[in-house]
Amino acid sequence: MQKGTIIGNIASDIGVDTSNLYKRRLRIALGSGKNYLDVNKINGHLFIKEKIDRENICAFKDDCVLNLEALLENPLQMFSVEVEILDVNDNAPRFPFSESRINISESKLKDERFLLVKAVDPDVGNNSVCNYKLSENVYFEISVRTWKDSSVSADLLIKEALDREQQAVHNLILTAIDCGLPSLSGAINITVTILDENDNAPKFERQIYEVEVSENTLIGTSFITLIAKDADEGSNAELLYSFNPHTSEEAQMKFRLNSRTGELSVNEILDFEQSSQYELFVQAKDNGPNPMTGHCNVIIKIIDSNDYQPEIIIASSQSSVSEDVPIGTVIALFSVTDLDSGNNGKVKSHISNNDEFKLQQTMDNVFALVTANILDRERTSSFNITIIVKDEGTPPLSNNKTLFLNLLDVNDNAPSFSRSSYEILIPENNIPGTLLCSITATDPDANLNGALKYSIQEKYEFNNTFRNYFSINRDNGNIYSLQSFDYEKQTFYTFDLVAKDSGTPQLSNSVTVKITVLDENDNTPVIVSPWRPHGSIVSDTIPSSAEEGYLITKVIAIDDDSVQNSRITYHLLQVTDQTLFTLNQYTGELRTRRRFGLRDSSKQRLVIQARDNGNPSLSSTVTVLISRFDPEVEDVLTLNDEEGTDFLSSLNVYLMIGLGSVSLLLLLTLFTCIALKCHHNPSEDSTKSTNRISCYSQRDSMISELPAHSTLYSSDAYWHSVLLAESRKGKMLVRRSMPNGTGFIVSSLERNSEQGTISELADTPIQVRL
């Protein structure tokens, strides 16, 4: 049917009023025939949109149906529409070839069948092929057969005996006809060639061929060509070579035989070790109608080549051993094999550069890998041992296998510290619990053998209080302070830090640790001279006739700190008359700048500061009231003198007691020093000095350069009482710390009030330890 042909009305089929079709938007929504058919939206006619070819849509199918889906809206309705496509005889039968050739031997008998080419027709039913016709001839006819699928074919039958000498070629026409209206047909030319009868068999030059082939011969390489001859002519003399069924499948896979030329070549890789010889049974068949064959045997000998690498077979091996195993311990047992023959199968074995192991041959091609030297896990924790084997072929082939060996740790290393001793500097007045330092040791052993625990051990027997000052974290070696340190009490602490591992047997090591306390400026200077009986105010007198440079008093202060923190300087903070007095910054000597004048006040007030050199600096002050002494006005001052006499008389008793005590102590000191000098042992002194834990404080001031007379070691309470007594007699006591921190040196000096000088009371200093 042509494009636009109406084939039905959907509206009438489904009973829908055509007046509402446009509003309800009738259309085809889905389906296999959507591209070929369409619907008129006004009247509902179903018409052909594109011309339909049944053979393109439903080739070789009896039934051909197009399925559509029609859609109406308001309300929504969907309908299935089936359109059947009816076949018409519009295709003629045709053959796949334009010509067919058939060879028939002249010896073929009557009624023998030969299959002819079948024609095809894409139409179905009666429109398809239903019969065949053969052009008229004397020797041949056809037999038409119908198959189960309704297809029809024809066989060529011999009607009369053939004679090639009378007619060698027959040209026939085969026609295929369908049963349609009108009927259509198609034809093919068939050429029948009468062949000569084959009465001679092919013959090979030899019945048995022997050939040698190397096993490394490349695939595709030809090694022999077999030749057979046939006395017949034409196709009867055309030969095809093939393997006889007696030839094994393996041999047929290994070698390839050219069916036309008889050339034998390698088809697969040859392996002498799998098979050293193959036997091929070859036949030559002619191309006659009744082919005849000739036979021969081919014996192929495979020549061995060095194509197999030696193989290492591990019988047993250890993946880990203890590092202290004795020399000769077996690590692995293995054997070596080579499938090659002769020198190609002879193998030598060795291991790669490794001095710790060696190979021992136990029997033919059986070896043991043993230790050759002492093993040390800390030096090398694991080994990759490569076993190398090489045959004696040409060229030689080799193979290797690597064994991994892990060494198990033995506790054979004691803990070690990075230094022979440690000195830790810490400031005094630290906060208790502060981390002072972390000292750790190393142990190359593994696991528990290298797990360290730390502890503190006394270095000297008398130093038994260190546990009150220090604690240590047993796991990481962190040392903490338990108390706040005071440089003025003790300057260093010495102990041994012990590190022990957790192995068996347990190993340990120790190192000496010296904790040195650093001084801080935490002591305020103490003014010890002039003596202050009433608070911080000192009274002193000066004659009106005093000349310039007259020594009024000497301010002396001491500081328990050391070095810079104990360096003291003196300063005038307040003074009534700046032009009247001068203060030596370093010695603390207060002197007159000039003589007193009539207009000068008879009472002068000075505030003197003693300041150390610390950071920040600390200081103390003393107030000095100086009164001018004039004989002419002595009566005016009688009342004040009597009051002062009463006060001094009440103090004289204590001064006399103190002076007597000092004198007695000086005598005892003198006798003790003489006795010590007579029995002095330098080695003892040095030993005691090194063993004593003390705080060294060095003084560097002008006072420390003054000559010493009677020197005694005592406590602060005692030397302050002596100071009170001596100062009333015009003497001054100067205290200095001993270099080794064991006490103080107290020096007695005498002041000449008239000349303003200080002189020694004796030539020989005496040191007494109380």
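**Note on the disulfides and nonpolar cores**

1. Cys-58 and Cys-64 are joined by a disulfide, with their sulfur atoms 2.0 Å apart. The model is a predicted one, and every value here is computed from it. The torsion about the S-S bond of Cys-58 and Cys-64 is about 65 degrees, so this disulfide is right-handed. Both Cys-58 and Cys-64 are buried.

2. Another disulfide links Cys-130 to Cys-179, at an S to S distance of 1.9 Å. The link of Cys-130 and Cys-179 is right-handed, with 100 degrees about the S-S bond. Where do the two cysteines sit? Cys-130 is in strand β9 (residues 129-134). Cys-179 is in the loop between β12 (169-178) and β13 (185-195). The pair therefore ties together parts that are 49 residues apart in sequence.

3. Cys-58 and Cys-64, by contrast, are both buried.

4. The count of disulfides comes to two. With the bonded cysteines of the protein chain numbered in sequence order, the pairing reads 1-2, 3-4.

5. Two further cysteines deserve a line. Cys-296 is buried, with a relative accessible area of 2%. Cys-673 is buried as well, with a relative accessible area of 14%. Both values fall under the 20% cut-off, so the label buried applies to Cys-296 and to Cys-673.

6. Now the nonpolar cores. The largest has 26 residues. Which of its residues touch the most other members? They are Phe-470 and Val-513. Several strands each supply at least two residues of this core: β32 (421-427), β33 (435-438), β35 (452-458), β36 (470-472), β38 (492-501) and β39 (508-518).

7. What does Val-513 touch, leaving aside residues up to four places away in sequence? Its contacts are Tyr-422, Ile-424, Ile-439, Tyr-493, Thr-494, Phe-495 and Leu-497.

Key: Residues numbered from 1 in each chain as written. Predicted model: local features only at pLDDT ≥ 70, side-chain atom pairs only at ≥ 80, totals over all residues. Heavy atoms only, no water. Disulfide = S-S within 2.5 Å. Buried < 20%, exposed > 50% of the residue type's maximum accessible area, 1.4 Å probe, protein only. Helix = DSSP H or I, 4+ residues; strand = E, 2+ residues; numbered from the N terminus. Core = buried A, V, L, I, M, F, W, Y, C linked by side-chain atoms within 4.5 Å. Contact = heavy atoms within 4.5 Å.
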